[in-house]
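Here are a few exercises to work through with the model open beside you. Try each task before you read its solution.

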Amino acid sequence: MHTAPTDVLTDAYPEDEFMADLLRVTGGATDQTLARMMIRASADLPRRMNRFGVRFQPSIRGTLHLGRTNAFFLGGGKALMNSAYAAAERSDVRIVYEADVVGLCIRDGRFESAELKTPHGTEAITARTVVLAAGGFESNLEWLAEIWGDAANNFIVRGTPYNTGTVLRLMLDAGAEPVGDPSQCHAVAIDARAPKFDGGIVTRLDSVPLGIVVNKHGDRFYDEGEDYWPKRYAIWGRLVAQQPDQIAYSIVDSKAIGRFMPSVFPPIVANSIRELASTLGVPAGTLAATIERFNAAVRPGTFDHQTLDDCRTEGLIPNKTHWAQRLDTPPFHAYPLRPGITFTYLGVRVDERARVVLKGGLAENIFAAGEIMAGNILGRGYVAGVGMTIGTVFGEIAGRESRDTAIRQARHG
Amino acid sequence: MADVLTDAMRKAEHEMVVCNACRYCEAYCPVFQAMEERVTFQPADLTYLANLCHNCGECLYACQYAPPHEFNIDVPRTLSRVRVESYETFAWPSFAAIAFRRPWDAILVAFVAGGLTLAPVARAFMARATSQSADFYAVIPHDVMVTLFGVVGLFVVTAIAIGHRRFAGNACDEDPRASHKGSRYRRLGSRQAARDVLTLKHLHATGEDCVDAEEQRRPWRRWLHHCTFYGFALCFASTTAAAIYHVVFGWIAPYAYTSVPVVLGTAGGLGLVVGPAGLLVLDLHRDAALTDASERSLGFAFLTMLLLTSVTGLLLLVLRGGPYMPALLVVHLAIVLALFVTFPYGKFVHGIYRGAALLKFRREESTPNETT
């Protein structure tokens, strides 16, 4: 939140509006005390992060027109991490790379040691306190398969392959109270040709509202023009995941070209629907019939992709409620879509001091920050940038509390 | 002109497509802002973007798609390769482009040719000289110097001007939006571009210094470049002042240590020692992933020649009354000749094309695209 324009944000984003946004997207699946704490702490965040060398983009430009509610990292997430690691190294923090936490020794609700697996063997690290910041389980394909079945094999993981959820599972097994919807993940529809891991932002596709989307049988399955794409792209991950073989195709004609952000993979181009169907491997008869029905159902209107215009279809199941234009001007362009998983919601419950809540009570020396506890605030849904805010605010709290706890313990022997 | 699609251009095109879908680097520098104005990337666009890049390096370390990621994005290095290729493409006469691939050979040839021209002249005139003095013209007569450097200078200016024209005609083709908008935008753009050049604005992305390695931002590269650039400008001013002394006032060299030409030349010479020497040290330690090897070697050759020029020039000033003056003068002048002759075929041209690219950028910026 911020109450007045800053160097990196325009206008104001008041506390209550932020809270209302959060309540709306989560449907109430949020711990309001923690949420309000996070929102208040976010007000001064850019300045506090600046001290660690983190830089933000000036507010004038920026993707998705989110200049009022979102400050963007200069250079993106990796630049952020580089600054954070450099700051840690300046403070003589020892960083062990290529290391997996494979075991946690927790006795009577107290952390005693962690077992590390490195290329040089295993190592046990004892400590007075521990901060768990090991993310969710979105890159753990077996875990995803437990929830989604075979469909999980066709998911693409948008981020790092290292979010295996090992620490999350260790904590749940050790009696941590779970929080957040265990069966859900945030997934968007991305280009099916994206790499299995780490494709990041560039694999997204913005063509959906400008055309139609069909499944592998050549049938439409959802209103492509329901709302502005930035407000809808997050539901399309699940929509595509529910289609056979978790594949779909966004099809536009030449009228749409240049109206959406350039994508990283080239479109599949064809001069006729039949040719397009055969390239995509979709039954040509069905696809032609789908497009014929769609074109016939388009009502006259004034097309404007910047507003919720009056171009819609009538009598279709499902209808397209905005930006509906006939697909009649070759060449036709198609992009294959798959569900791209961003993050999972399941986490461990924490209190206001970021201490992990165990079934038997509070853990005195175990703290959590980031995606592993984001479910406390974001039990489902998504508000742009909220993951970064939770991570940063609770990273600060967990760091401070763990430091104070460690000092107190050292004093008392 | 540069319509041949080389491997580097293919890689640059792939990288720009990825960057254009990401856009997290847009606040770093004009390359990404100019990129966003484009949907496709033709060789001419890539040449323009490559020459707009100051190789500050920020975008490599920020990039999640940098190696080992399979997208293999390294914009600074790829653009540095495209840049060197553009130098070759626009060089005049075209056959001389070979010099960009073998900078040391080109310099050696030019140096030997200069020496072979100057040494016999010096020997002939020295034989007639009656006494040792600090008079350079007793070694190489004024007229010989003026003629030789005049001819070389004219050739160099012509070659650079043709290269610039080819570059402008290709990558920086006159923007139709600018022409009908009249001269106000053009003047505004020119003024801003001149400031960008003279302050090296984009060698410190978004108010910070450029990087030598991950999270290693230092001001030295910019300051040392300033020493080099303004040192060179002072040396040029010194020569001009000396010419005025000679032609207008009829004052004959050598001039006193406190005279305008000597003061300017000494200050410039010191700048040309500190700047190039410092840049050489920096570049030797700079992360090799940031720059293509061909551009690195062009840089080393150019910096070495600048350093040799200033060092021999300053030595000449100190030793001008001594017995080694004639030999030193011949060596110094041969080095200066080699430096001049290779101006159009070495790192020097980066300033010409960078300036042209910055001008194009500022003009594009001050005439907002109304079609989108």
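Two residues count as in contact if their C-beta atoms, placed from the backbone, lie within 7 Å. This is a predicted model, where local features need pLDDT of at least 70, side-chain atom pairs count only at pLDDT 80 or more, and totals for chains, interfaces and linings use all residues. Residues are numbered from 1 along each chain as its sequence is written, with chains lettered from A and ligands numbered from 1 in the order in which they are written.

**Exercise 1.** Find what share of the contacts in chain A between residues at least 6 apart in sequence join residues at least 24 apart.

*Solution.* Take the contacts in chain A between residues at least 6 apart in sequence; of these, 69% join residues at least 24 apart.

**Exercise 2.** Compare the radius of gyration of chain A with that of a compact globule.

*Solution.* Start with the rule: 2.2 Å times the number of residues to the power 0.38, with the radius taken over C-alpha atoms. Next, the box: along the principal axes, the C-alpha atoms of chain A fill roughly 80 × 45 × 35 Å.

**Exercise 3.** Describe the interface between chain A and chain B.

*Solution.* First count: 23 residues of chain A are in contact with 22 residues of chain B. Then sort the chain A side: 10 nonpolar, 10 polar and three charged. Here Ala, Val, Leu, Ile, Met, Phe, Trp, Tyr, Cys and Pro are nonpolar, Asp, Glu, Lys and Arg charged, and the others, Gly among them, polar.
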